[in-house]
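Open the model in your viewer and follow the stops below. Each one says what to select and what is there.

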Amino acid sequence: MSELIQVGAPNQRPKAPRADELNLRFSPTAISELEALKTHYPDLKSCVLPGLWIAQREYGGSLNGEAIAEVAHRLERSYAEVEGVATFYSMYNTHHDVGRHKIEVCTCLSCHVNGAYRIWDYLKSKLGVGNKETTPDGMFTLEEVECLDACDRAPLLQIGDQYVGPVTEADIDRILADLRSKSDSTVVQMADEIVKVHLRDGNK
Amino acid sequence: MSVNLFKDVAKPIMAGFGITRRRLQQRTSKYKDVTVQYPEQRREQYPRTRWKHALKRYDSGLEKCIGCSLCAGACPARCIYVEAAENTDGERYSAGERYAVRYEINMIRCIFCGYCQDACPTGAIVLEKDFELANYKRESFIYTKEMLLDPMPK
Amino acid sequence: MAAVASEVELVNISINGVALQVPKGELIVESVKRLGLEIPIFCYHPRMKPVGMCRMCLVEVGFPGPDGNIRKMPKPQAGCTLPASEGMAIFTDTEQIHRDRKGVLEFLLVNHPLDCPICDRGGECPLQNNTLFYGPSTSRFLELKRHLPKAFPLSKYVTLDLERCIQCGRCVRFTEEISGDSQLAFRFRGASMQPSTFELTDFESKFSGNVIEICPVGALTNREYRFRARPWDLETKPAICTVCSNGCNIWFDHRAGRMVRTNGRTNEAINEEWTCDRGKFGHEFYNDSNRVKHVMVRNGDALVESDWPTAYDAIRMAFAEGGNRVAALTGPSNSNEDLYLLKKLFQTRFNSNNFDSRWTTYLPTAEDDLQKKMGVSMVQNTIADFESMSKVFIFGSSLADELPILFLRVRKGWFNNGNKVVVASDKPTDADSFAAEVLRYRTGTESTLASGLLALAVEKGLAQVPDATRQSLSKYTAEHVSDETGVSVDALHRAVELVAGAGIITSHGIFNTSQPQDTVETLAGLAMTTNGSFNCYALGANDQGALDMGVVPFGGGMDTHSILQGCIDGTVKALWLVGCDPFELHPDYDLVEKALENVHFLVVMADHQNGAVPFASVLLPETAPAEQDGTFTNMERRVQRMPQVLAAKGSAKPAWRVFSELAIRIQPETPPFGPADCMKEIAESIPSYAVADYANLGGEGVLIR
């Protein structure tokens with residue numbers, strides 16, 4: 001888990017893992033996908049973003065240090081460089097371990113005036129978690145996000161790669177029930193979709 | 001130009017001694033003693049008199065001095081030597097990260113200009129009214145941090 | 001880097017109404033310097049690519065309109081990313097720009113803490129300076145500043161204070177572009193953006209000290225220098241680093257007789273402005289408590305404090321026999337003057353040639369000299385040559401560890417000019433990351449690989465050799481070499497194209513391998529026959545100088561190994577160790593221990609306590625390099641002057657003075673009165689050093705060829 005600098009850190013920093021100490025977890029499919037993606041770009045640096053998507057899928061929805069190190073290792077970049085990229089983009093889940101479903105609530109202007117915070121508060125009380133927190137059963141992660149670019153459907157939720165809106169409190173009960181019954185993680189599913197898009201785009 | 005012995009010489013002298021005579025007569029009433037019997041008697045000093053430096057403390061007892069050496073930089077006589085060190089959680093001397101582990105002023109060199117007081121960002125060094133700095137040895141004029149630092153508040 | 005094309009096309013621009021011609025595409029921030037003007041900068045660094053992150057270098061830009069009047073662009077532009085083009089009119093001093101600069105600085109200071117009094121950068125801080133000259137006197141920002149932990153230990157040497165970071169990216173770009181380890185990156189974004197290492201692990205760079213120097217604020221500070229002094233407390237003198245043979249130029253900062261820190265000093269011929277960590281943090285020994293300060297003479301089991309005349313008398317007695325009965329061994333950081341006078345003392349007073357400065361397993365003999373044998377020098381290129389050399393072959397050396405500044409130059413050549421680098425090494429090295437070809441051979445097969453490459457070059461017609469050599473190379477077929485060394489045949493074929501005509505870099509470390517002379521000769525031959533160049537660089541601070549001064553037993557003396565063996569056998573009665581710890585330098589610990597135990601009389605001349613001191617009969621305090629005036633010859637044979645910075649500790653004397661004082665006690669003559677006199681004497685006996693007169697040793701030093 002990537003951390004912000006904390007007070008009272010020990011004087012001696014741990015060493016970054018060497019290449020031979022890494023616990024590589026990419027499946028054979030993932031490796032072949034990454035190999036295919038490498039050919040899409042003039043150099044390996046350009047392949048970091050899709051590589052991270054593959055890692056997000058392979059590591060169950062979030063990018064921890066091991067995942068970042070593996071991508072860096074496979075793309076011959078330094079760990080720090082890849083971590084810098086991963087922590088910059090908010091769609092990579094580097095700040096926290098996400099649950100199986102990530103519910104992102106837009107609270108920008110249009111959603112706000114249409115009652116996004118009512119929805120937000122309802123979700124919070126319903127799930128019992130705050131912003132960027134995961135339910136104890138590891139099912140849901142709640143996150144407040146900026147404009148999702150679908151103001152016509154305000155108030156809007158994003159779950160996986162699906163937009164849901166406009167939503168009411170009643171809808172939310174139904175959505176949560178649906179998600180609970182789903183066996184697949186929408187977070188992983190979304191990463192998978194994005195990897196597929198990357199692969200398809202290159203083959204055009 | 002001719003000199004008039006009475007007008008130009010005797011008269012000014014008499015006028016001058018006249019002041020002395022008046023003062024002698026009015027000594028007890030209008031004018032007070034100019035001379036005091038130092039060291040039994042001490043005259044009150046002016047409020048902005050600048051003599052020996054003092055290193056101040058906060059009410060909590062922490063030293064105000066953070067060992068930044070700005071006083072040494074401002075000093076035109078180069079008479080201040082500061083060596084800083086880092087506060088630890090176990091041993092805390094000042095409020096910030098840094099404190100002065102050595103703070104020395106060479107009082108022979110010091111010209112009591114007060115620039116150090118001006119430069120101090122925390123108001124730690126103040127020139128106070130203790131002017132009795134005479135000593136027998138040159139080495140004794142190096143005032144160390146222990147000699148300058150105010151005592152711990154009760 | 002200012003993008004200057006090879007054939008320079010000039011364009012006409014004007015700066016503040018002054019017309020001038022500059023190369024097309026030159027960055028405005030550089031063009032402005034031509035007029036002696038200055039643009040305030042934070043993120044721009046002349047040796048790195050511009051990014052335009054801090055917006056401090058804003059200038060107004062205009063172009064002549066159809067009516068001939070200058071029409072300004074509506075918004076100011078960043079001078080560090082703006083290339084010069086025809087007709088451009090730049091304004092750096094308008095009312096608008098003054099307001100813009102104030103605004104930028106006010107924004108930068110919104111989150112920058114005002115803890116300048118305790119900040120190690122305070123007093124030499126670009127942010128302080130720019131704010132003083134260009135910034136607002138007050139801030140309108142009354143809200144709470146961003147608060148983050150302070151004094152985070154990023155590595156053994158570097159402390160990170162995130163609050164102070166203005167996110168200019170200099171450190172990040174340094175690790176990416178210059179040192180190449182990419183250890184630092186901007187993690188997170190927005191207000192929590194922080195330049196730091198992967199998951200805050202240890203910042204393991206060999207060049208991390210430089211980020212401290214290029215940081216324009218006090219965000220990255222020196223852990224060793226932390227709170228030691230403020231810039232105005234320091235006395236600064238130009239000096240050279242004596243940790244390795246690169247001879248980097250440094251500023252030596254000292255206070256009250258103590259070394260405080262060193263910073264890189266610009267010398268375009270050597271280190272540009274960089275330093276390596278080994279050098280930057282390698283000067284702490286000046287303040288060590290174990291410095292030798294007094295003359296000690298053995299009395300029974302103990303060394304007792306004595307004085308110089310007593311010591312001289314004792315040495316005279318012990319060395320009186322002379323000839324093969326006495327010997328001297330020198331260490332890596334004695335100045336040329338020390339070494340020359342040592343040699344003179346031994347040759348003229350003790351009638352001996354038993355002195356050696358080399359400590360490798362294999363010690364080349366007088367017959368091994370490449371100059372005699374093949375007519376080529378061991379050092380053919382300067383450090384700066386490797387920037388423009390299109391092919392570089394690093395053989396058997398971990399360059400970043402052995403010669404760090406040369407490593408930066410080779411990497412710069414690759415980074416800026418796309419030079420092809422081939423690395424042959426038995427262990428992974430830092431240069432592998434940018435090498436076009438890595439030849440990973442088995443330890444001990446160096447000479448086979450070198451011969452294999454030469455044979456392959458001959459086979460491919462890249463090298464012309466006499467038939468006899470061709471015959472001797474015939475057994476080194478690609479397959480045979482591949483079997484022996486473990487390098488694949490394909491790799492050999494690919495590498496040989498790049499190796500032919502390349503500048504070959506190897507170091508004296510090669511003499512610690514097996515059959516080093518064959519390797520060196522083959523590599524030199526490879527360079528000779530393919531129009532390349534060959535370099536076998538020295539490693540110790542003045543090892544090259546020792547070779548030049550002739551502190552090698554080529555006049556019929558014994559070499560290091562025979563001297564130590566002689567001590568054990570009893571043939572060598574008196575041994576003088578000049579600034580060296582044989583336990584550290586010599587590969588065979590037991591041999592050294594036996595030798596020092598058995599030698600009859602041992603003079604140890606050292607600046608700090610070392611392993612040989614307990615065996616000493618006489619212990620002489622020697623001044624460390626920065627405590628005496630002298631010259632050092634770096635690995636490219638550049639003679640540079642190391643002036644005296646600190647006072648000598650205790651009764652320590654420079655080694656050259658000791659040798660000359662002893663010499664006149666044995667047989668009177670006019671002694672040299674200073675190191676400059678010594679250099680005059682050196683010039684008389686070693687003509688190539690005539691150019692290295694003290695009058696010429698300013699600037700970049702003098703290159704000896």
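Select α19 of chain C and then its cover: β17 (326-330), β18 (355-356), β24 (574-578) and α21 (589-598) of chain C are among what covers the buried residues of α19(C). Helices (H or I, at least four residues) and strands (E, at least two) are DSSP runs, numbered from the N terminus. This is a predicted model: local features need pLDDT of at least 70, side-chain atom pairs count only at pLDDT 80 or more, and totals for chains, interfaces and linings use all residues. Residues are numbered from 1 along each chain as its sequence is written, and chains are lettered from A and ligands numbered from 1 in the order in which they are written.

Stay on α19(C), residues 560-569. Its buried residues are C:T560, C:H561, C:I563, C:L564, C:G566 and C:C567. Buried means 20 or more other C-beta atoms, placed from the backbone, within 10 Å of the residue's own. Next, pick C:G570, which follows α19(C) and has a positive phi near 95 degrees.

Now show the chains. Two pairs touch, and chains A and C have the most contacts. A contact means C-beta atoms, placed from the backbone, within 7 Å. Chain A and chain B do not touch; their nearest C-alpha atoms are 10 Å apart. Between chains C and B, nine residues of chain C contact 13 residues of chain B.

Last, color chain A by domain: domain 1 is 19-95 + 189-203, and domain 2 is 101-184. These bounds come from an automatic or database domain assignment. The domain centres, taken over C-alpha atoms, are 27 Å apart. Four residues from each domain make the contact.

Methods. A residue is buried if 20 or more other C-beta atoms lie within 10 Å of its own, exposed if 12 or fewer, and partly exposed in between; C-beta atoms are placed from the backbone.
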